[in-house]
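Thanks for coming, everyone. Let me put the structure up and walk you through it.

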Amino acid sequence: MTDSLLTSFQTAKEDSVKAGILFLLSDHWADTDSARAVDYAKRSFRYTKDGSFQRGKAFFYLAGAYFSYDRKLCQQAYQEADKILSHFTSREALQYRSRAWHNYGIMEQLNDNNKGFVDILLTKAIPFAKAAGDEERVAWNYMDVGGVFMNYKNYNKAGWYYDKAIAILLSSKNTDKPVLAECYISKAKIWLWQELPDSANQPLNQAFDILQTAGDSSYLPLYYQVRGKYHTLKEQWNAALEALEKGYAIAALTHREYDGLSIQYELYEVYKRLKKFDKAKQSLELVYSQYDKYPIAQNKRMFLYELAETETALGNYRAGYKRMQEYARLSDSVFTQNTGKEIADLEAKYRLAENEKKLLALQHRNELQQLLLYFGAVVLALLIAFFIYVYRQRKKREAQRLFAINQEQEIEITRAQLEGEERERKRLARELHDGLGGMLAGVKLNLSAVSHGAPATQQIELQKVTGLLDDSVQELRRIAKNMMPEALLRSGLSRALEGLCHSIGTSAMRVDYEFLNIPENIRHQEKVDIYRIVQELLANAVKHSGASDIFLQCSGMNDRFYITLEDNGKGMPGPEHIKEGLGLANIRSRVSFMHGKMEISSQQGGGTVINIEINVTKSKEL
């Protein structure tokens, strides 16, 4: 193609023909070789006159050549093109002005100015396309407005604009045009974004039929991306991967880089759902590495959050924490809500302006001015109220975020303290049992050996000492057992709790218990935490309650574990007078760490009831 155009350029005699050929060459290379595209566009200036229609087109194609790598120069060239073309009223001039403003708006969107993009579409691109009678371009612009609303999850408004675009194309009999296929694909995306895949199937089929008829492959990457999303929501994993990989291959062949990155993000979603986090990370990092080419803040916040989640799932907690810090610095939900509201307000003003055109033909100018003043006052009052509301909500969310961060830090500190405490308990238990226990047993053996040859009076004394040693060994074993409950490892949680109740009970204090549905398929650390909570509850009751009867009830249901301890002791004073000791503080720390809650009901002389509810996690390792 380029060779034939260059040949035609060499043989052309008229400057307008030469300029037109250079426009085509610049447009051809714009997507693949920006430097060559800029060169051809600049050469066209030699064959156009200042202020001429052709000079306006020359600036238009120069802007298109700058589109991929220099936004500032691109926008300047589009503005210059519109300035020159504004002196002409032909249909072609209006079409170029509509295209120039549309592409200028895309630059604004890439600069994260969605409000500016919608403003340009509604006040510039669409009116010029309508004036030119270019229904296809009007539909295209309506579709872009719908795309912005869909990005802000305003699906009703997005659907309204897509339906307008489809109606225009069908009425103009453009039923085989790829742009109509894109409209149907966009309609399907609305349903998929709301997780209603069955409703998306028909518009996807309609889009594919049009693309097959038109033979245009440039829209196929977008189609396969959305088709892959459909299969993902239907949990048809192989079909989803097949569609996305096919779309990515076509995107690479047709140099549709943005479509390729969008498909990689959908591949990330599939791999994440399949828990193939290594592959998910590869796809997501590829998308994030190309962010600078399409820097929209919403995308960056989303990519950082998903990268943090993926690193955590892979066990890379430090990398996940760093990503989450980046996300926290950038994230501002009020920004998204506020911008979405501004765009909705802007679109409402545009539609109001359309209605005002009709009113101008029916009402007097003074009446219209009064009406506008009235609406202006109302809008101003609403805006003031809105900004006050947004400010308060932002402060409230910031306070909630700080509270959540502090709470997470407290949980991490508690986790470290509990794990350290448990390790120290095990160490001390081993030292007592293996070290001191062995020494006492050796002393007992030596005393027994000495007593055989000693006089009768000394034997009696040595037997007393031996008895005291036996009691000491038993007490040592009891302490070691409490520090490291072997029954928990050997017989499970239920038997360990039962043994604990037996060891606590005495002739003066009876301990009754009832265990219902005690789960054994939970993580070992959670079993230890439950055991320590019950152990501390019983120890507190023995030390402080003065009760003669204690009743312990433990039960499990789904992912919750319930503990109730009742005694008939002397009770406690009112909540405002309760001074929690170390034992009760330890219980609260463990309950908080397990995302649970504890309630104490007590009155002096009336006993005490303690209810605890905690979360547990089912484990496949029994």
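I'll take the sheet, then the cores, then the salt bridges.

First, the ground rules. This is a predicted model, where local features need pLDDT of at least 70, side-chain atom pairs count only at pLDDT 80 or more, and totals for chains, interfaces and linings use all residues. Residues are numbered from 1 along each chain as its sequence is written, and side-chain values use heavy atoms, with hydrogens and water left out.

Now the sheet. Helices (H or I, at least four residues) and strands (E, at least two) are DSSP runs, numbered from the N terminus. Two strands pair if DSSP finds at least two bridges between them. Here, five strands form an open sheet in the order β1-β2-β3-β5-β4, with mixed pairing. What stands at the edges? β1 and β4 (597-602) do, each with a single partner strand, so one side of each has no neighbour in the sheet.

Look at β1, residues 510-516, and β2, residues 549-557: they run parallel, over seven bridges. Phe515 stands opposite Cys554 in β2. Between β1 and β2 the chain passes through helix α23, residues 524-545, in a left-handed β-α-β crossover.

On to β2 and β3, residues 560-567. This pair is antiparallel, over eight bridges. Gly556 stands opposite Phe561 in β3.

Next, the cores. A nonpolar core is a set of buried Ala, Val, Leu, Ile, Met, Phe, Trp, Tyr and Cys residues joined through side-chain atoms within 4.5 Å. Buried means under 20% relative accessible area, exposed over 50%, partly exposed in between (1.4 Å probe, protein chains only). The largest core has 88 residues, and Phe60, Tyr78, Tyr142, Val145 and Val226 touch the most other members. Helix α7, residues 114-132, gives the largest share, 10 residues. A second, separate core has 36 residues, including Ala541 and Phe593.

Last, salt bridges: a side-chain nitrogen of Lys or Arg within 4 Å of a carboxyl oxygen of Asp or Glu. The structure holds 18. Take Arg97 and Asp82, with their closest N and O atoms 2.8 Å apart. Arg97 lies in helix α6 (residues 91-110) and Asp82 in helix α5 (residues 71-85), so the pair ties together parts 15 residues apart in sequence. Are they buried or exposed? Arg97 is buried, at 13%, and Asp82 is buried, at 11%.

Notes
Right-handed = clockwise from strand over helix to strand, strands pointing away.
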